[in-house]
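These are my notebook entries on a structure I went through element by element. I begin with single residues in loops and end with a sheet.

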Amino acid sequence: MKLYALSGDPAKPCYVLSYKGLMIMLDCGLSISSVLNFLPLPLVQSPKFQCLPNWNCRDSDIQLEDGEIKECCGCAFVNSAPEFVPPLEKLIDFSEIDVILISNYTNMLALPYITEGTGFCGTVYATEPTLQIGRFFLEELVEYIEASPKESTARMWKEIQHQLPVPLNDVFKPKNWRHLFSMDAVNKSLARVQMTGYDQKLDIFGALQVTPISSGFCLGSSNWTIVSGQEKISYISGSSTLTTHPRPINQTALKYSDVVIMTGLTQAPHVNPDAMLGELCMNVMMTLRNGGSVLIPCYPSGVVYDLFECLSVSLDNQGFTQIPMFFISPVADSSLAYSNILAEWLSTAKQNKVYIPDEPFPHASLVKNAKLKHFKHIDSEGFSTEFRQPCVVFCGHPSLRFGDAVHFVELWGSNPLHTIIFTEPDFPHMQALAPYQPLAIKTVYCPIETSLNFQQANKLIKELKPGVLVIPENYTQPPAIAPQKLDLVIDPVPDKMIIKFKRGEVIKLPLKRKRGRVYLNPKMAKAIVPQEVQPGVTVSTLTGVLQVKDNIHDLLPLEPTKEELAEEHSNKSKSSGPPQPYSQLRTVRYEWGTLDINLLLKKLNQDGFTDLKVEQGSAEEVTVVLPAEDTVIKVSEKSTEILCGGKQSLRLKLRDLLLQCVQSF
């Protein structure tokens, strides 16, 4: 078994397992952090960004396009449409992928890069919420980029990266970055997805059985188990043991796996999400008391549902019942409506509300009571009429490089009464704000990350008792945001192997097939006559044809050839006695023991194969080369292979010679 690491960001994983002749992709996360190196895309032309000074290379021989690189407060930014970091393409051919297993909607944004224009013809599996909410994320992302097109595309800067100022001189392989796909590519890629439910067993070409298991992270999020006849692999990605709105994690199904691949741990291990939620509410109330408004850059689903619920309660408790909340996203109405029809994917407490009946999420009543108002864009009909300050605005994108959030940062950035609160840990907030500097707006960083922290992950590993643990190398050293905290790592497990990997590596996993399941034909089973060879031990010989089809092994009765049937018919006509069954007429030989190499060489010479080369490998391995025939015979303790380039008649001839060199009965 091999693991191909196509992603370097554990929070946006993309790996490929090679096992039993199949290529299984685990998630297809898209790294979006590269967009921080680009200037924001304002909805209308921004005087601030247009007036930023150009950066010019000191080398007069190198000429960049006019305005390709802009400088702001000591940092350089690319003045072009933002680019993204897709999974590595050169490590594996995407057309060879047989199946893609998606864990949650945050880990599927690179799907169009993998399925479209690559020759991919496999199957993609995901739960219904993962598919539908993933569609919201992809549609929003494409619409944000297409809403603010750039006149030209910057290319030259990648050729002189080492001469550029910070941070561009330190970015990782920008030539691999790509522009975003189209909406047509999104629709085609999502059309390939087959929806599945929790605990549904899916057959993969007869070789494996994969099952999605509730992970507790977000709506429809799942871990996956991959089971063959005797082996079990568990893939844990984006899991949570906290009690929030999704269905709780199912740990039982993950226990006693031969291999556990764990990724998607928290990006903010140094903070507690409950404490961050309390701090967020406190900062919102302080800002509103001072007459300011609050901007919360967010995604169109996920934690934002919990923020609606928490903030609405805090506003009521603090007497701010008239303060409006605005949710602005191209998919805002779809996201809000869809979340309220997902009862089977919710926690028990949320499910019980459905049976009252009542909406599982409070934002439904907030919308009815006009406390939460949602719009596609700030230029949507009715927004200018409804908008009033002070208020709380939820809108994207958390990177502050595109979307309606760009407008609000420019609108409120010079006023210290307002506050911008960052809740998504995907982007360092100071880097997100860098091209807008200098700013007077108050900035608060409250990352709310519900996925497993290192303490929870270590506890889970002990409970699951895996045979081998496979983790990203990042998890074996403290994170960059808290380098002094040596406890923020995955602990070594006594008597267990831990294998770590990083982007671009191909790891061999110590999982070898020891047994295989063979189905015995009923006719053959009836013909078995056990013979006792010693007290308590009975044996029986079996002769049949092993048929392998779609990775299913069937042992079938040995059918006679046409010649043998003709011989049997001839014998019947000549014989005066009762007819004998075919099984008694055919002579069966059973070969056993080790191959006599010297006898094989002698018989090969006698049969005309004189130009032979014998190569001794290890103690139990010998290779016989027939140069004239372009054929190799490999003999080891456990197997014998004949490699002759498709020459079937020659292979059968050599097989017969081999069988003459072993003992038989």
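Is Y256 buried or exposed, going by its relative accessibility? I looked this up in what is a predicted model, and found that Y256 counts as exposed, because its relative accessibility is 55% and the cut-off for that class is over 50%. The residue sits in the loop between β12 (232–237) and β13 (259–263), and I noted that its phi is near 55°, a positive value in a residue other than glycine.

I then turned to L400, where phi is near 60°, again positive in a residue that is not glycine. L400 belongs to the loop between β17 and α11 (405–412), and with a relative accessibility of 0% it counts as buried.

Next I checked the peptide bonds. The bond from V166 to P167 is cis, with omega near 0°, and P167 lies in the loop between α3 (128–147) and α4 (183–190). I also recorded a cis peptide bond joining Q389 and P390, with omega about 0°; here P390 is placed in the loop between α10 (383–386) and β17 (392–395).

My last entry concerns a sheet. I found an open sheet of 4 strands in the order β29-β30-β31-β32, with antiparallel pairing. Because β29 (613–616) and β32 (640–643) stand at the edges and have a single partner strand each, one side of each is left without a neighbour in the sheet. Neighbouring strands are turned against each other by 15° on average, direction ignored.

Within this sheet I traced the pairing of β29 with β30 (residues 622–626), which is antiparallel and runs over 4 bridges, and in it V614 stands opposite V624 of β30. Helix α18 (residues 648–659) packs on the sheet, where it touches β30, β31 (631–635) and β32, and the helix direction makes about 150° with that of β32.

In β30 I also looked up T623. What does T623 touch, if residues up to four places away in sequence are not counted? I listed K613, V614, E615, V632, I633 and K634. T623 is buried, since its relative accessible area of 12% falls under the 20% cut-off.

Terms used:
Residues are numbered from 1 along each chain as its sequence is written. This is a predicted model: local features need pLDDT of at least 70, side-chain atom pairs count only at pLDDT 80 or more; totals for chains, interfaces and linings use all residues. Side-chain values use heavy atoms; hydrogens and water are left out. Two strands pair if DSSP finds at least two bridges between them. Helices (H or I, at least four residues) and strands (E, at least two) are DSSP runs, numbered from the N terminus. Axes are lines fitted to C-alpha atoms, for helices over the stretch in contact, and angles run from 0 to 180 degrees between N-to-C directions. Contact means heavy atoms within 4.5 Å. Buried means under 20% relative accessible area, exposed over 50%, partly exposed in between (1.4 Å probe, protein chains only).
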